Amino acid sequence: MVKISEQDKIEAENLLEEASAVFDNCTKCGMCKDLCPSFKVLKDEAVGPRGHAIMLSDKIIDKVIYTCTLCQACERKCPLNIKLCDAVLKAREAFVLKGRKIPGSEEEKVSGNEEKGLKS
Ligand code: SF4
Ligand code: SF4
């Protein structure tokens, strides 16, 4: 298992603070939701832009971190000019600094097997 340095932990927390701050002015109005391709396909409010706004405001990153395509459709619709993609990218960077593996990746499978004591 990779050991995470204190510096990386601090940097990750700073990035999550910055990601959360992107939504300080978001009213959670949902005007951006219908344009979101992730929401259209997955039919889950949590993966749409408003879901991102709510979760990243609370620094909950696991569920939404890799569902956003970074298409910026929600940003173009937002009347308050909320830069959601900036927040998602900062949260992804924090996710990596925290030593988390991309869900479904080979790296995650190997890491999961190691934790279970299995050989890959
Ligand atoms: S990002 Fe903009 S459009 Fe979307 S919920 Fe927040 S304020 Fe509304
Ligand atoms: S940038 Fe992400 S959250 Fe916004 S519309 Fe595109 S996929 Fe949805």
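Let's begin with helix H5, where the buried residues are Leu84, Ala87, Val88, Lys90, Ala91, Ala94, Phe95 and Leu97. A residue is called buried if 20 or more other C-beta atoms lie within 10 Å of its own, exposed if 12 or fewer do, and partly exposed in between, with the C-beta atoms placed from the backbone. Helices here are DSSP runs of H or I with at least four residues, strands are runs of E with at least two, and both are numbered from the N terminus.

A word on what you're looking at. This is a predicted model, where local features need pLDDT of at least 70 and side-chain atom pairs count only at pLDDT 80 or more, while totals for chains, interfaces and linings use all residues. Residues are numbered from 1 along each chain as its sequence is written, and chains are lettered from A and ligands numbered from 1 in the order in which they are written.

The protein chain has an average pLDDT of 85, and 84% of its residues reach at least 70. Helix H4 comes out highest, at a mean of 95, while helix H6 (residues 106-115) is lowest, at 65.

Now for the overall plan. Of the chain's 120 residues, 29% count as buried. Two residues are in contact if their C-beta atoms, placed from the backbone, lie within 7 Å. Take the contacts between residues at least 6 apart in sequence: 64% of them join residues at least 24 apart.

Back to H5, which covers residues 84-97. The expected span of a helix is 1.5 Å times one less than its number of residues. For the 14 residues of H5 that gives 20 Å, and the end C-alpha atoms are 20 Å apart, which agrees. The buried residues of H5 pack against helix H1 (6-21), H3 and H4. Just past the end of H5, Gly99 takes a positive phi of about 80°.

Next, helix H3 (49-57). Seven of its nine residues are buried, so H3 is largely enclosed by the rest of the structure. Those seven are Pro49, Arg50, Gly51, His52, Ala53, Met55 and Leu56, and they pack against H1, H4 and H5. Ser57 also sits in H3, but Ser57 counts as partly exposed because it has 17 C-beta neighbours inside 10 Å. Ser57 and Ser20 are 37 residues apart along the chain, yet their C-alpha atoms are separated by 4.3 Å.

That brings us to the ligands. A residue is near a molecule if its C-beta atom, placed from the backbone, lies within 6 Å of it. Ligand 1 is surrounded by 16 residues, and Cys26, Cys29, Cys32, Cys78 and Ile82 are the closest. H3 gives the most to this shell, with three residues. For sorting residues by class, Ala, Val, Leu, Ile, Met, Phe, Trp, Tyr, Cys and Pro count as nonpolar, Asp, Glu, Lys and Arg as charged, and the others, Gly among them, as polar. The shell around ligand 1 has eleven nonpolar, two polar and three charged residues.

Around ligand 2 there are 15 residues, the closest being Cys36, Cys68, Cys71, Ala73 and Cys74. Helix H2 (37-42), H3, H4 and H5 each give two or more residues to this shell. By class, the shell around ligand 2 has eleven nonpolar, four polar and no charged residues.

Finally, find Leu70 in the loop between H3 and H4. Leu70 counts as exposed because it has 12 C-beta neighbours inside 10 Å. Even so, Leu70 touches Cys85 and Val88, not counting residues up to four places away in sequence.

Technical notes. pLDDT is the predictor's confidence in each residue, from 0 to 100.
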